[in-house]
Amino acid sequence: MPPQPSPPAALLEILVLTYPRSDFEANVRIMQETLQSYLPLLGNDTHLSIFTHAKEHKAFERLQKTFDDNSITFFADNDTHPDAFEGHYLHLAEAFRWASNPRPNLPQAEWVMLVEDDFPLCAGHVGRDALRRVLTILEASRPTNTPSGVPRRRGGFIGTGGSGLIIHKTLLPILQLVLHAHAERESKLPLAEFATEQLRFGYYVETGYGPHRRDVHNNQRQSEK
């Protein structure tokens, strides 16, 4: 890893988001493989946490007992948000809120890397070296005259989609507010209007990674009978 910021602080938090799957054993196996792939990176400058906003997540509970040596921080956020729709926006907003707030025995890291629970770091030392190189580039953009200043580059990625996205801590509160605004029931942002329409004509289902909207063909078939 590149040198820690000055004054010294944790460099990286690997933040794993998880939501229960219907196949319990597969869920445990997938999550365990992902968590184990990041363990060689852990130390004073890097920590690993796993976050869920699900009301019940048995695979999460199983792995919390498996990794009981405090090498990984497990956190289940059980608060409710009657003003918002469940789903990716709310889940991610709450994860960023948790990561940016003060937490006992878990200092805030300079960078947070977002990881989905089925996104292990592949290729062993090659994958770990790739992560180190990206972090080195990000840290190198920090002003040399003020080492504690905010880096010019405040984001990078090592994967596809949202997984593997590396974010500077200064962006977390902003992202949390924007994502929560998209999830709000009375929001004028795109998701609220879309979800309201889906509730009128469709329904919610639980799939691999949380509540998703499904096409209304089921309702249409019922009406044709």
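This is a predicted model: local features need pLDDT of at least 70, side-chain atom pairs count only at pLDDT 80 or more; totals for chains, interfaces and linings use all residues.
**Entry 1**

Residues are numbered from 1 along each chain as its sequence is written, and side-chain values use heavy atoms, with hydrogens and water left out.

I then turned to the aromatic rings, where rings of Phe, Tyr and Trp (its six-membered ring) pair if their centres lie within 6.5 Å, planes under 30 degrees apart counting as stacked, over 60 as edge-to-face and the rest as tilted. By this rule I have 4 aromatic pairs. One of them joins Phe51 and Trp98 in a tilted arrangement, with 5.8 Å from centre to centre and 40 degrees between the planes. Phe51 belongs to strand 2 and Trp98 to helix 3, 47 residues apart (helices, H or I of at least four residues, and strands, E of at least two, are DSSP runs numbered from the N terminus). Both Phe51 and Trp98 are buried.

Phe60 and Phe74 form an edge-to-face pair, 5.3 Å centre to centre and with 80 degrees between the planes. This pair links helix 2 (residues 58-66), which holds Phe60, to strand 3, which holds Phe74, over 14 residues. Phe74 has a relative accessible area of 12% and is buried. I also noted one aromatic cluster made of Phe51, Phe75 and Trp98.

I followed the strands next and found an open sheet of 6 strands in the order 3-2-1-4-6-5, with mixed pairing (two strands pair if DSSP finds at least two bridges between them). Strand 3 (72-76) and strand 5 (155-157) stand at the edges with a single partner strand each, so one side of each is left without a neighbour in the sheet. The twist averages 20 degrees from one strand to the next.

Helix 3 (residues 88-100) packs on the sheet and touches strand 1 (12-17), strand 2, strand 3, strand 4 (111-116) and strand 6 (165-168), contact meaning heavy atoms within 4.5 Å. The direction of helix 3 makes about 150 degrees with that of strand 1 (axes are lines fitted to C-alpha atoms, for helices over the stretch in contact, and angles run from 0 to 180 degrees between N-to-C directions).

**Entry 1: charged side chains**

Where does the charged end of Arg103 sit? I find it over the ring of Trp98, 4.4 Å from the ring centre, the rule being that NZ of Lys or CZ of Arg is within 6 Å of the ring centre and within 35 degrees of the ring normal.

I counted as a salt bridge a side-chain nitrogen of Lys or Arg within 4 Å of a carboxyl oxygen of Asp or Glu, and the count comes to 11 salt bridges. Among them, Glu13 pairs with Arg103, their closest N and O atoms being 2.7 Å apart. Glu13 lies in strand 1 and Arg103 in the loop between helix 3 and strand 4, so the pair ties together parts that are 90 residues apart in sequence. Both Glu13 and Arg103 are buried.

How values were computed. Buried means under 20% relative accessible area, exposed over 50%, partly exposed in between (1.4 Å probe, protein chains only).
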